[in-house]
Amino acid sequence: MKLTLKIWRQADRAAKGGMRTYEVDDISPDMSFLEMLDVLNEGLLASGEEPVAFDSDCREGICGTCGLMVNGQAHGPKAAVTTCQLHMRSFKDGDTITIEPWRAEAFPVIKDLCVDRSSLDRLIQAGGYITVNTGSAPDAHATPVPKDQADRAFDAAVCIGCGACVAACPNASASLFLGAKITHLGELPQGQAERDNRVLRMVAQHDAEGFGGCTNIGECTAACPKEIPLDMISQLNRDLRHAVRPGAVLKVKSE
Ligand code: SF4
Ligand code: FES
């Protein structure tokens, strides 16, 4: 395949970025999208040019580091896959492909296609955990969990923190990510003790990071490579309403 790539280049956080056009040839339909970018970078290096910076780690849909806007869609045109799982057979010979970084105030560009997503880490630090004495591993059956709750907790736990939901949302809201984390821990007995404080702290941090509010558009769930459903945002809102009930003892700040 021969392709024309229009790629966002930006030297650093402060620099003014812009689109650059590159041609790549001899691309196999069986290559992953990131392998296609590797081919581009080998060519750039051979000609003495700066390679295009992009993030990746596992390259198998697990770590969540590889997000790119491909032709305006977070993780590209194929549903339920990350950019590293997207293959060039999803494109045609002669195509022009536009490749941009995630766009959100809370995800500033570090260089080219790499963005700083540490704002999501700070949401987790604000409340996405349970406080337990770890000790030795408990017996697997020591804490019974009903099957339907265990299934829903697992459906939420598959969120890989890639940030595609934020990038796809016109409000740059991280509500789907937050909903997944709140649902994951809220469905399990171990998550109950800190449930009210968790949602208050995480929502406060979400707003402080500059993420927008949810207006029920649903682009987040359409872009999510792990198919986190929209009703996990409803769970987030239910937990928040419960936490601010009359008489509740609120602890928005950590001790
Ligand atoms: S909810 Fe989906 S799109 Fe958002 S961070 Fe988690 S896996 Fe990525
Ligand atoms: S590189 Fe890990 S999910 Fe894509």
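Predicted model: local features only at pLDDT ≥ 70, side-chain atom pairs only at ≥ 80, totals over all residues.
Local features require pLDDT of at least 70 and side-chain atom pairs pLDDT 80 or more, whereas totals for chains, interfaces and linings use all residues. Residues are numbered from 1 along each chain as its sequence is written, and side-chain values use heavy atoms, without hydrogens and water.

**View 1. The shell around ligand 1.** The shell (residues with a heavy atom within 4 Å of the ligand) comprises C159, I160, G161, C162, G163, A164, C165, L176, F177, C224, P225 and I228. Two or more of these residues come from each of α4 (164-168) and α5 (175-186); helices are DSSP runs of H or I with at least four residues, strands runs of E with at least two, numbered from the N terminus. By class, the shell holds 10 nonpolar, two polar and no charged residues (nonpolar: Ala, Val, Leu, Ile, Met, Phe, Trp, Tyr, Cys and Pro; charged: Asp, Glu, Lys and Arg; polar: the others, Gly among them).

**View 2. The largest pocket.** A pocket is an open set of points on a 1 Å grid over the protein atoms alone where a 1.4 Å probe fits, with protein on both sides within 12 Å along at least five of seven lines; lining residues have an atom within 4 Å of a point. The volume, the space filled by probe spheres set on the points, is about 180 Å³. Of the 15 lining residues, Q73, A74, G76, A222 and A223 lie nearest the centre. Strand β4 (73-74) and helix α7 (219-223) each give two or more residues to this lining, and α7 supplies the largest share, three residues.

**View 3. The second largest pocket.** This pocket has a volume of about 160 Å³. Its lining has 13 residues, with R117, L120, D121, I160 and G161 nearest the centre. The largest share, four residues, belongs to α2. The lining comprises six nonpolar, four polar and three charged residues.

Definitions and conventions. Chains lettered and ligands numbered in written order.
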